[in-house]
Amino acid sequence: MALGKELIMWKYEKKLQFPVDIKNKNVKMAKYIITQNGGANGELGATLRYLNQRYTMPDDYGKAELTDIATEEMAHMEIISAMVYQLLDGATPEELEKEGLGSQYVEHKNSVFPQNASGQSFTANYFAVTGDYLADIAEDMAAEQKARATYESLMDLTDDEDILSPLSFLRQREIIHYERFKKLYEHYEKMKTK
Ligand SMILES: [Fe+2]
């Protein structure tokens with residue numbers, strides 16, 4: 001039985017922000033790209049960093065910017081997860097082990113698990129929340145630059161267009177987020193010196 005409109009409280013757009021259609025399995029790239037899900041500069045950390053920092057922003061502009069960017073980072077995590085899933089699709093235990101993912105197979109088989117390229121699991125210590133809005137936004141600007149740099153390193157390691165296109169889209173979004181945080185930082189700096 002279909003739920004009434006008033007009971008559907010959640011609106012989720014059932015498509016990726018950028019399409020992912022990887023035709024060739026590539027365990028090595030999956031091992032590297034997962035870091036943009038569960039690594040220190042990854043999308044999961046970014047999402048949670050901004051969602052937690054937003055409460056101590058001193059005005060609605062800051063709260064809205066952090067919420068808006070955080071939820072976009074969640075969409076980016078979804079893109080990364082889809083990429084890793086497709087890159088690992090059909091990989092045998094032997095293929096995983098050959099690329100140093102034997103432990104991944106034992107713990108998680110071919111699933112998507114938040115970890116970095118060295119196999120370290122995601123930790124909340126990746127996202128700093130100081131309660132000082134200028135310090136937090138300075139951290140966010142650095143985080144966006146580090147994410148951009150990581151995307152560029154990943155792009156250096158492949159010539160598969162199916163992998164490069166979503167990575168290039170994500171890299172571009174990090175630059176836009178950096179610009180938005182920079183504008184917010186300047187806004188608060190001005191506010192503080194008034
Ligand atoms: Fe970002």
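Select helix 7 (133–156) and helix 8 (161–193) first. These two helices are roughly antiparallel to each other, because their axes cross at roughly 160° and angles over 145 degrees count as roughly antiparallel (under 35 as roughly parallel, 65 to 115 as roughly perpendicular, the rest as oblique). The axes, which are lines fitted to C-alpha atoms over the stretch in contact, with angles running from 0 to 180 degrees between N-to-C directions, come within 9 Å. Helix 7 passes helix 8 in a left-handed crossing; the term applies if the near helix is turned anticlockwise from the far one by less than a right angle, and right-handed applies if clockwise. The residues of this contact divide into 18 nonpolar, three polar and seven charged. Here Ala, Val, Leu, Ile, Met, Phe, Trp, Tyr, Cys and Pro count as nonpolar, Asp, Glu, Lys and Arg as charged, and the others, Gly among them, as polar.

The model on the screen is predicted: local features need pLDDT of at least 70, side-chain atom pairs count only at pLDDT 80 or more, and totals for chains, interfaces and linings use all residues. Residues are numbered from 1 along each chain as its sequence is written.

**The whole chain**

Now display the entire chain. It holds eight helices and zero strands, where helices (H or I, at least four residues) and strands (E, at least two) are DSSP runs, numbered from the N terminus. The C-alpha atoms fill a box of roughly 65 × 50 × 30 Å, taken along the principal axes. Of the 194 residues, 34% are buried; a residue is buried if 20 or more other C-beta atoms, placed from the backbone, lie within 10 Å of its own, exposed if 12 or fewer, and partly exposed in between. Two residues are in contact if their C-beta atoms lie within 7 Å. Among contacts between residues at least 6 apart in sequence, 77% join residues at least 24 apart.

**Helix 3**

Select helix 3 (43–53) next. Is this helix mostly covered or mostly uncovered? Helix 3 is mostly covered, with eight of its eleven residues buried. Those residues are Glu-43, Leu-44, Gly-45, Ala-46, Thr-47, Arg-49, Tyr-50 and Gln-53. Their cover includes helix 2 (35–38), helix 4 and helix 7.

Helix 3 passes helix 7 in a left-handed crossing. On the side of helix 3, the contact is made by Ala-46, Arg-49, Tyr-50 and Gln-53, and on the side of helix 7 by Asp-136, Asp-140, Ala-143 and Ala-147. These residues divide into four nonpolar, one polar and three charged.

**The largest nonpolar core**

In soluble globular proteins, nonpolar side chains tend to be buried together. A nonpolar core is a set of buried Ala, Val, Leu, Ile, Met, Phe, Trp, Tyr and Cys residues joined through C-beta atoms within 7 Å. Select Met-29, Ala-30, Ile-33, Ile-80, Met-83, Val-84 and Leu-87, which touch the most other members of the largest core, a group of 30 residues. Helix 1 (27–33), helix 3, helix 4 (60–88), helix 7 and helix 8 each supply at least two residues of this core. Which helix gives the largest share? Helix 4 does, with nine residues.

Zoom in on Met-29, which lies in helix 1. Met-29 counts as buried because it has 22 C-beta neighbours inside 10 Å. Leaving out residues up to four places away in sequence, Met-29 touches Leu-87, Leu-157, Thr-158 and Ile-163. With the same exclusion, Ala-30 touches Val-84, Leu-87 and Leu-88.

**Two loops**

Move to Asp-160, in the loop between helix 7 and helix 8. Asp-160 is partly exposed, because 15 other C-beta atoms lie within 10 Å. Apart from its neighbours within four places in sequence, Asp-160 is in contact with Asn-24 and Asn-26. The C-alpha atoms of Asp-160 and Ile-22 are separated by 8.8 Å, although these residues are 138 residues apart along the chain.

Finish at Lys-109, in the loop between helix 6 (102–108) and helix 7. Lys-109 is not a glycine, yet it has a positive phi of about 50°. Is Lys-109 buried or exposed? Lys-109 counts as exposed, because it has 12 C-beta neighbours inside 10 Å. The C-alpha atoms of Lys-109 and Ala-91, 18 residues apart along the chain, are separated by 9.7 Å.
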